[in-house]
Amino acid sequence: MRQFSTADCTVAMGATAVFVVALALSIGAAPPAAHAQQPGKVPRIGFLSPGNAVSGLSEAFRQGLRDLGYVEGQNLVVEYRWADGDIARLPALAGELVRLRVDVLVASSPPAILAAKQATNSIPIVFADSSDPLGTGLVASLSHPGGNATGLSLVTPELSGKRLQLLQETLPSLARVALLWDASNVGMTDRVRETEAAARQLGITLHVEWVRNLKGLDRDFATLAQARPDAFLTTVEPFTMGHRQRIVAFAAQRRLPAMYEERDFVEAGGLMAYGPSLAANYRRAATYVDKLLKGAKPADLPVEQPTKFELVINLKTAKAVGLTIPQSVLIRADEVIQ
């Protein structure tokens, strides 16, 4: 049997020390984990909305998170703040989320996005439905936002002409169209201008009515009734969404063909809607949250434009207003409600 000398032990101990040092160096040199969060820390997301907790859009966002492996209450916490239709509450609610030190702040609709931007210039902000992020100064450019906000644009100003064209194809004698919008929502200004420009190009007279509150809505209904337009348009925003049942009822009462920007109006009894799929945008917004939590910077994440658009038509409403939808329009519909 071999006898181990003191020298042998010294060599063995030296080899062990070299191994330990090498192991430590290799661990230190290993690339960091993909997730930028501290080990054991559960990410906290803020969700700011001018609407309420029954919003289908927030559920679309949750589904997007689930698709990416996030489970609320387990590996993710979401702090929801709802203004319940009162836009004036948004700045205070945004401040609450900032004080909670959320890792990412998701803002729903232009008024919420503006409130979030005013509340913080350091916490990453993700928007899912900005009407014009470049024109409103929300980002420096679509390809390189350059600040703390990024997300998805609705590209709706460019779609205003398409909506008028669809109305004109549905009503060949179309001459006068009324537009209802919430003038307190600065994000809609470019939308209105684009609609005015499209109307001039198509030879349509546009009657614009703005509203700021429920009392104003009653006034506008009376004015629109006197104007006797051939058809009716409305922008989609927190106020009009919150009162879509009343808006749809007005159009039905006056037997007025109406074009909306979002399918919720058609499901509530409106005639037709054309625009980006908001649900698809909100599901996609979850991918931005995921990237930011993994270390990406909002300044470097390009703003995306919607990839899914939908035309929804309610044939029951068409019959009620005495309108026959041309086959050329029906065959382009993504969904027809009987």
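A residue counts as buried when its relative accessible area is under 20%. The legends below describe close-up views of a predicted model.

**View 1. A salt bridge joins Asp-220 and Arg-219.** The side chains of the two residues meet with an N to O distance of 3.0 Å. Asp-220 has a relative accessibility of 0%, so Asp-220 counts as buried. Arg-219, at 41% relative accessibility, counts as partly exposed. The search of the whole structure finds 18 salt bridges.

**View 2. Glu-335 forms a salt bridge with Arg-263.** The closest N and O atoms of this pair are 2.3 Å apart. Because Glu-335 belongs to strand E12 (residues 335-337) and Arg-263 to helix H10 (residues 263-267), the pair ties together parts that are 72 residues apart in sequence. Glu-335 is partly exposed at 31% relative accessibility, whereas Arg-263 is buried at 18%.

**View 3. Glu-304 forms a salt bridge with Arg-284.** Here the closest N and O atoms lie 2.9 Å apart. Glu-304 is in the loop between helix H11 (278-293) and E11, and Arg-284 is in helix H11, so the bridge ties together parts 20 residues apart in sequence. Glu-304 is partly exposed, with a relative accessible area of 23%; Arg-284 is partly exposed, with 33%. Elsewhere, salt bridges with shared partners join Arg-44, Glu-79, Arg-81 and Glu-96 into one network.

**View 4. Phe-221 and Phe-250 form a stacked aromatic pair.** The structure holds seven aromatic pairs. Phe-221 lies in helix H7 (residues 214-227) and Phe-250 in helix H9 (residues 244-253), and the pair links parts of the chain 29 residues apart. Phe-221 is buried at 11% relative accessibility, and Phe-250 is buried at 6%.

**View 5. Tyr-260 and Phe-265 form a stacked aromatic pair.** Their ring centres are 4.8 Å apart with the planes at 10°. Tyr-260 is buried, with a relative accessible area of 0%, and Phe-265 is buried, also with 0%.

**View 6. Val-177 lies in the largest nonpolar core.** This core has 31 residues, of which Val-177, Leu-311, Ile-313 and Ile-325 touch the most other members. Among the elements that each supply at least two of its residues are helix H5 (160-170), strand E6 (176-182) and helix H6 (189-202). Beyond its neighbours within four places in sequence, Val-177 contacts residues including Leu-164, Ile-204, Pro-229 and Phe-232. A second, separate core of 26 residues includes Phe-47, Leu-65, Trp-82 and Ala-128.

Note on methods. Residues numbered from 1 in each chain as written. Predicted model: local features only at pLDDT ≥ 70, side-chain atom pairs only at ≥ 80, totals over all residues. Heavy atoms only, no water. Core = buried A, V, L, I, M, F, W, Y, C linked by side-chain atoms within 4.5 Å. Buried < 20%, exposed > 50% of the residue type's maximum accessible area, 1.4 Å probe, protein only. Helix = DSSP H or I, 4+ residues; strand = E, 2+ residues; numbered from the N terminus. Contact = heavy atoms within 4.5 Å. Phe/Tyr/Trp six-rings, centres within 6.5 Å; stacked < 30°, edge-to-face > 60°. Salt bridge = Lys/Arg side-chain N within 4 Å of Asp/Glu carboxyl O.
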